Amino acid sequence: MATVTPEPQALSFECETGNYHTFCPISCVAWLYQKIEDSFFLVIGTKTCGYFLQNAMGVMIFAEPRYAMAELEEGDISAKLNDYEELKRLCLQIKRDRNPSVIVWIGTCTTEIIKMDLEGLSPRLEEEIGIPIVVARANGLDYAFTQGEDTVLAAMAARCPNEAPEEAEKKERNAIASLLNFGKKKEEVEAEESAYADHPPLVMFGSLPDPVVTNLSLELKKQGIKVSGWLPAKRYTELPVIKEGYYTCGVNPFLSRTATTLMRRRKTKLIGAPFPIGPDGTRAWIEKICSVMGVEPKGLAEREAQIWESLEDYLQLVRGKSVFLMGDNLLEVSLARFLVRCGMIVNEIGIPYMDKRYQAAELKFLEKTCHEMGAPVPTIVEKPDNYNQIERIKEIQPDLVITGMAHANPLEARGISTKWSVEFTFAQIHGFSNARDILELVTRPLRRNNSLNGLGWENLVREGAKHNI
Amino acid sequence: MKLAYWMYAGPAHIGTLRIASSFKNVHAIMHAPLGDDYFNVMRSMLERERDFTPVTTSVVDRHVLAGGSGEKVVNNITRKDREDKPDLIVLTPTCTSSILQEDLENFVEQASLDSKSDVMLADVNHYRVNELQAADRTLQQIIKFYIKKARKHGNLPAGKTAKPSVNIIGMTTLGFHNQHDCTELKKLMGELGIEVNLVIPQGAHVETLKDLPKAWFNLVPYREVGLMTAEYLKTEFDMPYVDITPMGVVETARCIRAIGQILNDMGQEVDYEDYITNQTLYVSEAAWFSRSIDCQNLTGKKAVVFGDSTHAAAMTKVLAREMGIHVVWAGTYCKYDEEWFRREVSEYCDEILVTENHGDIGDAIAKTEPAAIFGTQMERHVGKRLNIPCGVIAAPIHIQNFPIGYKPFLGYEGTNQVADLVYNSFTLGMEDHLLEIFGGHDTKEVIHKGISADSDMDWDREAKELLQKVPGFVRGKVKRNTEKFARDRKIALITLEVFYAAKEAVGA
């Protein structure tokens, strides 16, 4: 044993070539059209975009989704056709067939390159057809995967009303409050109001499934914190009121632009907290909100301990195991921090884009967690290079690689266990009660390994095959 | 601009990537923005590929947009050359690069100075061709490149193989049941005494491509991929080719006869008639199936067919000519090949539909109300909504269409598989129909969990006999419905009258 404790290491950051696999950011329509029930998403792009959506969304495509491609043809590219007239024709068709409360235009690589002025066209068309049109440039030139949601929410932030609407409308708009009140009488609601501490209005941002929204709102309610609204809400018509001086807080690590927009354009104050992923993250998130709101948090330590206790069976499987995150969805830092707390050793955190300001609290929390757990502090590799990463994986032989589907089967065939990263974006992973779901995902390959143990067919690639690692 | 929810054929670069990654040791580099490498996911998932898909991206990002790709593409090519030492690197343009109009040809030239690999630019226009056309072109382009190269180096082999031999052209990765078809065709060639010279592109090495002219003839089993290559080899080396898809008993025989004709013209005296007869009558079960009572029951049943040209045309002929099924309409999404399709199927169906719009097809199915659909995954879902069974016969396909069991569509084993597919689709429909007649799917009140015959109700002898006559697979349900009917009306003994009354009540 060393007698001198070395200075705790600090996080180190690297940046590679950006040659990595991830989903195109237009994939955000897949979950946003389901979240915002009265929306219609129109992706203005080419066959390539359409093919990606069609294949990435699997069976969802057959369920008459509220999204479509405005497929650009040669005439659109060469400007033989008039963009405005073409979009008008398509949007009128959408209005006729679906009558949505908002049409979201998703700009793509092609609209960027041919410089189609979507932001310029939309206000005119909006007025002409009478449906709000929100423009989000979620393209592969600038963004990766989940950042698509960030561009949409940043655009939506501009549409949030400044003033509380008239009484009649208010009831409909204030969905979260009525959800939490469960149709109680007015007196009861007033009594409930007094259960909240007196604090400035707080608006959350980030798209989460409704059960998770309710769960997190109730979690804050226990501390006397009232969530005044959520961006996005269930319906476009229920977007929250945002006024100067309101507080805002993010629930996902990929929402930098939305945070920036809320601060700069809507003059709100951002609460920089770790993200409510894992019981440790959830507690830190609530504590930070409480501290900003001047509320003394209560019972959180017990709550966290209780959750950890309920995870013990899964923790036994992961303790001491190593994990390598190749990086494709920006959840990586939060996941890694949670997994270190679970007793895992994180070899590398690949991440498409690292906003050190927006993720500051999470990064600090990661560092602290590593020190507390006596775990090595992992390197964060921004814009990773998948080829180099495979070389490093070959070298390290981690117990688990969290990666995209392009690499999962080839790695498994080489005896390296993998977990498909995209599942973390679609599963419910936020809050205390969903911690089990994260570990359910993480331990699945490990449990599979235990079930198939001793069969002698872990490495299934012929000698001399390419990348035989 | 076109409002689109679904497309049957993918964008051009997918076709190029399918060809490139079918070859061994060929690497494709896409000139594309981040996220366009979805091909790798599809190949890894659908084909359950054990190896890394040899496709990478030279990423087009904001910087490229501002200042051009410059050295980036060249560097990516030479880097891949060092890392993987491929025989060939195919630079693949995408929709993005085709609008950027960068001089990719120039990058290829620069890169080939420094690489040991051959480097080429796939010559496909994103806005003019789709996945299938691009695949056809890229295959021809690669073949041309290596024939020219061999000619230049003077190592193009002269003459033909000693024994009759064939090149099988058009087997690709992510092709519908291609791997199984390939095995079946090799077996067929073996039985005909024909050596397989080369199979391309699946599993082929580019350095062997110079041996293509050694084959006596080419076989192009699919309409979509390989014809351009066969045409090129015909012009260049006067190689004959057979482009009859050996799918179904009649077409397989026709394909074999065409092969026999070619070999005879080349001075080989072959007679395949005995082989065809023997296979048709005794080896393949499909001919016998068409005479059996099972198939008789399908006579005149209505079906619709939709898919790529190859499979839709072949399926239409099998249904109409070999099984006596009434094909109300047959269609394809290969619009560019409309004329051929019309010629092939016009005498076997009432109507022909050529469209890329899945909505038109859905409407046509709903209007026709066929007893079974043979189409793509999209038609399968239309079938689900309308309660019509569907056999999947063409791409677009899902992971369940990449079976690990042996399931060719071509050759004599293919005829067996197709017969099963057709028969199972129809019987399912029939079963469903019978269930409907005898009281529907959902018995809301469950009386017995099992389908055992004992119960507390009394049946008189005649009623019991009649119950035994109900087809086995619905008998349990009929019994439960009848007993429920009797119990609700406090009838103690089930007689014939009660039985029929119950049937009527449930039917109403």
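1. Contact here means heavy atoms within 4.5 Å. By that rule, 72 residues of chain A and 55 residues of chain B take part in the contact. Please keep in mind that this is a predicted model, where local features need pLDDT of at least 70 and side-chain atom pairs count only at pLDDT 80 or more, while totals for chains, interfaces and linings use all residues. Residues are numbered from 1 along each chain as its sequence is written, chains are lettered from A in the order in which they are written, and side-chain values use heavy atoms, leaving out hydrogens and water.

2. Now for the buried area, the accessible area (1.4 Å probe) that two parts lose on being put together, summed over both. Chains A and B bury about 5400 Å² between them, with 60% of it on carbon and sulfur atoms. Of the area that chain B buries against chain A, 19% comes from B:Met1, B:Leu34 and B:Phe52, more than from any other three residues.

3. Which residue of chain B forms a salt bridge with A:Arg414? The partner is B:Asp51, with the closest N and O atoms 2.4 Å apart. The rule (a side-chain nitrogen of Lys or Arg within 4 Å of a carboxyl oxygen of Asp or Glu) finds five salt bridges across this interface.

4. Have a look at the strands too (DSSP runs of E, at least two residues, numbered from the N terminus). Strand S3 of chain A (residues 67-71) and S1(B) pair in the antiparallel sense over three bridges; pairing requires that DSSP finds at least two bridges between the strands. Within S1(B), B:Lys2 is the bridge partner of A:Glu71.

How values were computed
Helices (H or I, at least four residues) and strands (E, at least two) are DSSP runs, numbered from the N terminus.
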